[in-house]
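The entries follow the order in which I looked things up.

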Amino acid sequence: MRVSPSQVESFTRCGLRWLLEVAAGAGSVDVVRHFGIVIHAAAVLAAEGATDDLIGDRIDEVWHHLDFGSAWYSEKQRELAHQMVSKFLAWHRQNPRDLVAYEESVRAQVGAVEITGRVDRLERDAEGRAIVVDLKTGSAPVPATDLDRHPQLGVYQLAVMLGAFERFGLTEPGGAELVQVGKASLAAQVRVQPQGSLADDPEPGWARELVETVAAGMAGPLFQARLNPGCRHCPVASSCPAHVSGSR
């Protein structure tokens, strides 16, 4: 059974949506996904030492390949993308940690479950511990009360503990971060949402237990529809019994 950190998060939110989007291939390309492509490309260029001007030019070059439905809306979103990238680049320049790798593959084993995926940024803090950074372009920040048990960040840290980045000399997690660059960010800068070190958590086994529970649920016969904040933009709501449009 293979699971990714992002799939653990999506299944935890709503098992039915995970089934329809991931297992059945439902869903749709949306503006947030376009922004994700652009921001991640900008992050790679920044890590490779590209100047701000060059990154801005590259955004303009690829923008016409993204479908926003109309020219005026595309232009409005392009301006927003430039604002997101500017916030990210400012954070990137001020970040005191060492950037070890970017767009790096993850592979770790939990019993019969294999964790696979990719991290946006893998960094080393002053104490030599691994910090996994995940870039987000969404419109809603994660509630502060949920960060300590954020599934995706927790699974990334678990992968560190299991030796996923031992090749870089990183075997101890020092925490993980969501870096919000979209509407969930602050007005003039990114919003950094950190999760404390899994090794220092009073219940460090919670991430491992979550992976095992989610893997068992993915392999099971029942997929529960759970109401959550993501319901507002769910592309499969018409097939969901928790919504009026899907109650048939």
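I take a residue as buried when its relative accessible area is under 20%. The model I am working from is predicted.

Entry one, helix α1. I looked up the buried residues of α1, which spans residues 5-13, and found Pro5, Val8, Glu9, Ser10 and Phe11. I then asked what covers the buried residues of α1.

Entry two, the loop between β3 and β4. I found Arg129 in this loop. Is Arg129 buried or exposed? I noted a relative accessible area of 14%, so Arg129 is buried. Leaving out residues up to four places away in sequence, I listed its contacts: Arg129 touches Glu123, Arg124, Leu170, Glu172, Pro173, Gly174, Ser197 and Asp200.

I read the angle between α3 (residues 31-47) and α5 (residues 71-94) as about 40 degrees, with the axes 10 Å apart. That angle makes α3 oblique to α5. The crossing of α3 past α5 is right-handed. On the α3 side I listed Val31, Phe35, Val38, Ile39, Ala42, Ala43, Ala46 and Ala47 in the contact. On the α5 side I listed Tyr73, Gln77, Leu80, Ala81, Met84, Val85, Phe88, Leu89 and His92. Sorted by class, the contact of α3 with α5 holds 15 nonpolar residues, two polar and no charged ones.

Note on methods:
Residues numbered from 1 in each chain as written. Predicted model: local features only at pLDDT ≥ 70, side-chain atom pairs only at ≥ 80, totals over all residues. Heavy atoms only, no water. Axes fitted to C-alpha atoms, helices over the stretch in contact; angles between N-to-C directions. Helix = DSSP H or I, 4+ residues; strand = E, 2+ residues; numbered from the N terminus. Parallel < 35°, antiparallel > 145°, perpendicular 65-115°, else oblique. Left-handed = near helix turned anticlockwise from the far one by under 90°. Contact = heavy atoms within 4.5 Å. Nonpolar A, V, L, I, M, F, W, Y, C, P; charged D, E, K, R; others polar. Buried < 20%, exposed > 50% of the residue type's maximum accessible area, 1.4 Å probe, protein only.
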